[in-house]
Amino acid sequence: MDMNSATEIFAALAQPTRLAAFRLIMRHTPTGLPAGDVARQLDVPQNTMSSHLAALTRAGLVSAERLGRTILYRAELDRVREITSFLVNDCCGGRPELCEPLVAEFTPCCSPGASQNAC
């Protein structure tokens, strides 16, 4: 990932409603969440939420799938992996043992068979 792509992602997440929407959609991955449900759960007007979801889509953090009249949003986990790797790529000056606590933070929620609310 290059610096411009990372900046675009951080800009998309730098707004509280977009960050909350992204986190909510992440909780519903891989099944996804309809745009109307995102708006209702965050108590945001649907037209406003549409703009926020468009910004997240442009940043590549979510994808949209039309199912009839519903638009279903899903987190793009490859993009999440890319930005996470970008952030920690130079971690710890080549001493992986220093990064172990960081890696351990991801293990409970991202391991096969982990409970849904492990994080």
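**Entry 1: the strands**

I began at the end of a strand, where L67 stands opposite T70 in β3. The model I am reading is predicted: local features need pLDDT of at least 70, side-chain atom pairs count only at pLDDT 80 or more, and totals for chains, interfaces and linings use all residues. Residues are numbered from 1 along each chain as its sequence is written, and side-chain values use heavy atoms, with hydrogens and water left out.

I then looked up the bridge partner of R66 in β3, which is I71. Between β2 and β3 I found 6 bridges, and the two strands run antiparallel. Two strands count as paired if DSSP finds at least two bridges between them. The hairpin of β2 and β3 has 2 residues between the strands, and in it G68 takes a positive phi near 70°.

I next noted the whole sheet: 3 strands form an open sheet in the order β1-β3-β2, with antiparallel pairing. β1 (33-34) and β2 (62-67) are its edge strands, each pairing on one side only.

**Entry 2: the chain as a whole**

I looked up the elements and found 6 helices and 3 strands in the protein chain. Here helices (H or I, at least four residues) and strands (E, at least two) are DSSP runs, numbered from the N terminus. Read from the N terminus on, the order is α-α-β-α-α-β-β-α-α.

The protein chain has 119 residues, of which 26% count as buried. Buried means under 20% relative accessible area, exposed over 50%, and partly exposed in between, with a 1.4 Å probe and protein chains only. I also noted that, among contacts between residues at least 6 apart in sequence, 52% join residues at least 24 apart. A contact means heavy atoms within 4.5 Å.

**Entry 3: the nonpolar core**

Which residues have the most contacts inside the largest nonpolar core? I listed F22, I25, V38, M49, L53, L56 and L61, in a core of 22 residues. α1 (3-13), α2 (16-27), α3 (35-42), α4 (46-58), β3 (70-75) and α5 (77-88) each supply at least two residues of this core. A nonpolar core is a set of buried Ala, Val, Leu, Ile, Met, Phe, Trp, Tyr and Cys residues joined through side-chain atoms within 4.5 Å. As a general remark, nonpolar side chains in soluble globular proteins tend to be buried together.

Leaving out residues up to four places away in sequence, L61 touches I9, A12, L13, F22, L56, R74, A75, E76 and R79. D78 lies in helix α5, and D78 is exposed, with a relative accessible area of 52%.

**Entry 4: two helix pairs**

I compared helix axes, which are lines fitted to C-alpha atoms over the stretch in contact; the angles run from 0 to 180 degrees between N-to-C directions. The axes of α1 and α5 come within 11 Å and cross at roughly 110°. α1 and α5 are therefore roughly perpendicular to each other. From α1, M3, S5, A6, I9 and F10 make the contact, and from α5, R79, I83, F86 and L87. Angles under 35 degrees count as roughly parallel, over 145 as roughly antiparallel, 65 to 115 as roughly perpendicular and the rest as oblique.

For α2 and α3 I noted an angle of about 120°, with the axes 10 Å apart. α2 and α3 are therefore oblique to each other. In this pair, T17, A20, A21, L24 and I25 of α2 meet V38, Q41 and L42 of α3.

The crossing of α1 and α5 is left-handed, whereas that of α2 and α3 is right-handed. A crossing is left-handed if the near helix is turned anticlockwise from the far one by less than a right angle, and right-handed if clockwise.

**Entry 5: single residues**

Residues up to four places away in sequence aside, H52 touches Q15, T17 and R18.

Most residues other than glycine have a negative phi, and most peptide bonds are trans. D43 is not a glycine, yet D43 has a positive phi of about 55°. D43 is placed in the loop between α3 and α4 and counts as exposed, at 71% relative accessibility. The peptide bond from T29 to P30 is cis, with omega near 15°. P30 lies in the loop between α2 and β1.
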